Amino acid sequence: MIENYIGKPIKCDCGKEHRSRMDVIEIKKGVIENELVAFLKENGYKRLTVVCDKNTYRVAGERVCKVLEQNGISYKLHTYLEDEVLPNEHFIGNLAVGMDIG
């Protein structure tokens, strides 16, 4: 369950302990179309990266990109092509290399 990861320590295969910086995860119908833009603006997000794999892009990522474009919000799309994406050093490193963090 996702609540097992929010704000709690996660033991990693790398030998370190990691902690999610998310305080809340909200899952409900229509959140992309009805709340995403307001959330981004209220929290001052300026440079966005939409991260997904080919399955999550089809399920929600495409809608997220469309809403961002319709509202004039620029973003970078980072799509993993693997069938299974794991939160490990390989995938995190791949994401970090592709992100604009300057």
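View 1. Cys52 counts as buried because its relative accessibility is 6%, where buried means under 20% relative accessible area, exposed means over 50% and partly exposed lies in between, with a 1.4 Å probe and protein chains only. Cys65 counts as buried too, at 4% relative accessibility.

The model is a predicted one, in which local features need pLDDT of at least 70 and side-chain atom pairs count only at pLDDT 80 or more, while totals for chains, interfaces and linings use all residues. Residues are numbered from 1 along each chain as its sequence is written, and side-chain values use heavy atoms, with hydrogens and water left out.

**View 2. The whole protein and the order of its elements.** The protein has three helices and four strands, which are DSSP runs numbered from the N terminus, helices being H or I with at least four residues and strands being E with at least two. Read from the N terminus on, these elements follow the order β-β-α-β-α-β-α. Taken along the principal axes, the C-alpha atoms of the protein fill a box of roughly 45 × 30 × 25 Å. Of the 102 residues of the protein, 21% count as buried. Among the contacts in the protein with a separation of 6 or more, 51% are accounted for by residues 24 or more positions apart, a contact meaning heavy atoms within 4.5 Å.

**View 3. The packing of helix α1 against helix α2.** Helix α1, made of residues 31-42, and helix α2, made of residues 54-70, pack at an angle of about 55 degrees, with their axes 10 Å apart. These axes are lines fitted to C-alpha atoms, for helices over the stretch in contact, and the angles run from 0 to 180 degrees between N-to-C directions. That angle makes α1 oblique to α2, since angles under 35 degrees count as roughly parallel, over 145 as roughly antiparallel, 65 to 115 as roughly perpendicular and the rest as oblique. On the α1 side, Ile32, Glu33, Leu36, Val37 and Leu40 meet Ala60, Arg63, Val64, Val67 and Leu68 in α2. The residues of this contact of α1 with α2 divide into eight nonpolar, no polar and two charged, where Ala, Val, Leu, Ile, Met, Phe, Trp, Tyr, Cys and Pro count as nonpolar, Asp, Glu, Lys and Arg as charged, and the others, Gly among them, as polar.

View 4. Val31 lies in helix α1 and is partly exposed, with a relative accessible area of 26%. Between Val31 and Asn55 there are 24 residues of separation in sequence and 19 Å in space, C-alpha to C-alpha. Ala60 is found in helix α2 and counts as partly exposed, at 25% relative accessibility. Ala60 and Leu40 are 20 residues apart in sequence, and their C-alpha atoms are 17 Å apart in space.

**View 5. The surroundings of His78.** His78 lies in strand β4, which spans residues 75-80, and counts as buried at 12% relative accessibility. Leaving out residues up to four places away in sequence, His78 touches Thr49, Val50, Val51, Cys52, Asn94 and Leu95.

**View 6. Asp13 in a loop.** Asp13 lies in the loop between β1 (9-11) and β2 (17-19) and is exposed, with a relative accessible area of 82%. Asp13 and Thr49 are 36 residues apart along the chain, and their C-alpha atoms are separated by 26 Å.
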